[in-house]
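Hi,

Here is the structure I promised to pass on to you. Have a look at it first, and then read my notes below.

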Amino acid sequence: NDRGKRRISSGINAEYGDSLNAKLLKMIPTLLLLVVLATLSNTTTVTILNTIDGSAHPPPCVVICSGIASTWIPSSIHPGFVFAFANMSGCNFVSAPLVTATLSAGYFSVVPASAVTVRQLTDKKFYGYIQGEIEDANNDWKIVWTATGYNC
C-alpha cells in the first residue's frame with residue numbers, strides 16, 4: 001500500500017514537478033529585476049536645500065543633468081581667461097539650477113591654476129571661465145558639468 005502511494009506521488013513529481021521547477025527558474029531573473037527596481041526607487045532621493053533664485057518646487061520635479069562644454073573663446077572682458085558655452089536647454093529646467101563645473105584636461109595639456117567660474121547662469125545655459133590661453137584650452141580642455149534643478 002505504501003509503495004503505491006510512493007509511486008503515485010513520485011509520478012506526480014516527475015510529471016508536474018520538473019515543469020514547475022523550470023517555470024520557477026525562468027521567473028528568477030524577473031523577480032530579481034523587480035527587487036532591484038523596488039530597492040532603487042525607494043533609496044534614490046535628491047533633495048535641493050536652496051536655489052539660486054530662492055524658489056521651491058515639489059520634490060518629484062527635481063532633475064539632475066550633466067554635460068560637457070569644449071568650444072573655447074578668448075575673453076575680451078577678462079584678459080588671460082578663456083570661456084566655453086554650456087548648453088543646458090535639453091535639461092528642461094524651469095529656473096536656474098545649481099551647477100558644479102570642473103575642468104578635464106588631456107594628458108599632455110597645460111594644467112591651469114584656477115578653477116572653473118560659472119557666469120551668466122540661466123535655466124538654459126552658462127559660461128564657464130578659466131584662466132588660461134586659447135592654445136592651451138584648445139589642447140583637449142573640457143568643462144565637465146552637473147546641474148541639479150527643477151523641471152516643473
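Let's start with a loop: Asn92 sits between β3 and β4 there. (Strands are DSSP runs of E with at least two residues, helices are runs of H or I with at least four residues, and both are numbered from the N terminus.) Asn92 is not a glycine, yet its phi is positive, at about 60 degrees. Most residues other than glycine have a negative phi. Gln120, also not a glycine, has a positive phi too, near 50 degrees. You'll find Gln120 in the loop between β5 and β6 (125-131).

Before you go further, keep in mind that this is a predicted model: local features need pLDDT of at least 70, side-chain atom pairs count only at pLDDT 80 or more, and totals for chains, interfaces and linings use all residues. Residues are numbered from 1 along each chain as its sequence is written, and side-chain values use heavy atoms, with hydrogens and water left out.

Now the overall picture. The protein has 2 helices and 7 strands, and along the sequence they come in the pattern α-β-β-β-β-β-β-α-β. It has 152 residues, and 26% of them count as buried; buried means under 20% relative accessible area, exposed means over 50%, and partly exposed is in between (1.4 Å probe, protein chains only). The accessible surface is about 10400 Å², with 59% of it belonging to carbon and sulfur atoms. That area comes from the Shrake-Rupley method with a 1.4 Å probe, and for residues only the protein chains shown count as cover. Of the contacts (heavy atoms within 4.5 Å) with a separation of 6 or more, 76% are between residues 24 or more positions apart.

Next, the sheets. Two strands pair if DSSP finds at least two bridges between them. Trp72 has Ala84 in β3 as its bridge partner.

Another open sheet has 3 strands in the order β1-β7-β4, again antiparallel. Here β1 (62-69) and β4 (98-105) are at the edges with a single partner strand each, so one side of each has no neighbour in the sheet. Neighbouring strands in this sheet are turned by 15 degrees against each other on average, direction ignored. β1 and β7 (residues 141-150) pair over 8 bridges, and Ile68 stands opposite Val144 in β7.

Last, the charged pairs. How many salt bridges are there? The count is 2, where a salt bridge is a side-chain nitrogen of Lys or Arg within 4 Å of a carboxyl oxygen of Asp or Glu. Lys124 and Asp123 form one of them, at 3.5 Å from N to O. Lys124 is partly exposed at 40% relative accessible area, and Asp123 is partly exposed at 21%. Lys142 and Asp140 also meet in a salt bridge, at 2.4 Å from N to O. Lys142 is partly exposed at 28%, as is Asp140 at 40%.

Cheers

Key: Axes fitted to C-alpha atoms, helices over the stretch in contact; angles between N-to-C directions.
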